[in-house]
Amino acid sequence: MPETVVVLGASPKPARYSNQAIHMLRDYGHDVIPVNPIQHEIAGLAVAPSLQAIARPVDTVTVYVSPAHLEPLLDGLLALKPKRVIFNPGAEHPGIAAQLEQAGIATEDA
């Protein structure tokens, strides 16, 4: 069964790493859920407007959101209960990582 991976901060722009990640994850057979509050489709995939809009189990959330914009998303991450959260370069947030770890969610910096 393929892993379900949420791309938080998904961009429709091909030059963005989050967009490249969507394509790469899909190429590797993962079930990809892009999250962006203003996009409806990215790379042919339906986009969730928020973490709260995702109603199925998630294996991994890969974060492409700046630390300043990540704090308001903490409750959604905790409620989603993914197995792990990956902070991509520029998205690292030790405070949020610590709170996720306390909730039993593994974290790593990419």
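Leaving aside neighbours within four places in sequence, with which residues is Asn36 in contact? In this predicted model, Asn36 is in contact with Ala10, Val47, Ala48 and Pro49. A search of the whole structure finds three salt bridges, and the largest nonpolar core has 22 residues.

- Asn36 is located in the loop that runs between strand 2 (31–35) and strand 3 (41–42).
- Asn36 counts as buried because its relative accessibility is 11%, and the cut-off for that class is under 20%.
- A polar atom of the Asn36 side chain lies 3.3 Å from the backbone nitrogen of Gln39.
- Ala48, one of the residues in contact with Asn36, is also touched by Ile54.

- Side chains of opposite charge can pair when their charged atoms come close.
- Arg56 and Asp31 form a salt bridge through their side chains, with an N to O distance of 2.3 Å. This pair links distant parts of the chain, 25 residues apart: Arg56 belongs to the loop between strand 4 (45–46) and strand 5 (60–63), and Asp31 to strand 2.
- Both partners are partly exposed: Arg56 has a relative accessibility of 40%, and Asp31 has a relative accessible area of 25%.
- A salt bridge also joins Asp59 and Lys83, whose closest N and O atoms are 3.1 Å apart. Asp59 is in the loop between strand 4 and strand 5, while Lys83 is in the loop between helix 3 (74–80) and strand 6 (84–87), so this pair ties together parts separated by 24 residues in sequence.
- Arg84 pairs with Glu108 in a salt bridge whose closest N and O atoms are 3.2 Å apart. Because Arg84 lies in strand 6 and Glu108 in strand 7 (residues 106–109), the pair ties together parts that are 24 residues apart in sequence.
- Arg84 counts as partly exposed at 29% relative accessibility, and Glu108 is partly exposed with a relative accessible area of 37%.

**Nonpolar cores**

- Within the largest nonpolar core, of 22 residues, those with the most contacts are Val6, Ile54, Val61 and Val63. Strand 1 (4–8), strand 2, strand 5, helix 3, strand 6 and helix 4 (94–102) are the elements that give two or more residues to this core.
- Ile54 touches Val6, Ile33, Val35, Ala48 and Leu80 when residues up to four places away in sequence are not counted.
- A second, separate core comprises 10 residues, among them Val5, Val7, Ala21 and Leu45.

**Helix 1**

- The buried residues in helix 1 (residues 17–27) include Ser18, Asn19, Ala21, Ile22 and Leu25. Viewed down the helix axis, the buried residues fall within an arc of 160 degrees, so they line one face of helix 1.
- Tyr17 and Asp27 are exposed on the other side of helix 1.
- The cover over the buried residues of helix 1 includes strand 1, strand 2, strand 3, strand 4 and strand 5.
- Ala21 is one of the buried residues of helix 1 and is included in the second core.
- Gly29, which follows helix 1, has a positive phi near 90 degrees.

- Most residues other than glycine have a negative phi.
- Ala43 is not a glycine, yet its phi is positive, at about 55 degrees. Ala43 lies in the loop between strand 3 and strand 4 and is partly exposed, with a relative accessible area of 28%.
- Lys81, likewise not a glycine, has a positive phi of about 55 degrees. Lys81 is found in the loop between helix 3 and strand 6 and is exposed, with a relative accessible area of 63%.
- The loop between helix 3 and strand 6 thus holds Lys81 as well as Lys83, the salt-bridge partner of Asp59.

Definitions and conventions: Residues are numbered from 1 along each chain as its sequence is written. This is a predicted model: local features need pLDDT of at least 70, side-chain atom pairs count only at pLDDT 80 or more; totals for chains, interfaces and linings use all residues. Side-chain values use heavy atoms; hydrogens and water are left out. Helices (H or I, at least four residues) and strands (E, at least two) are DSSP runs, numbered from the N terminus. Buried means under 20% relative accessible area, exposed over 50%, partly exposed in between (1.4 Å probe, protein chains only). A polar contact is a pair of N or O atoms within 3.5 Å; within protein, one must be able to donate a hydrogen and the other to accept it, and residues adjacent in sequence count only if both atoms are side-chain atoms. Contact means heavy atoms within 4.5 Å. A salt bridge is a side-chain nitrogen of Lys or Arg within 4 Å of a carboxyl oxygen of Asp or Glu. A nonpolar core is a set of buried Ala, Val, Leu, Ile, Met, Phe, Trp, Tyr and Cys residues joined through side-chain atoms within 4.5 Å. The arc is that of the directions from the helix axis to the C-beta atoms.
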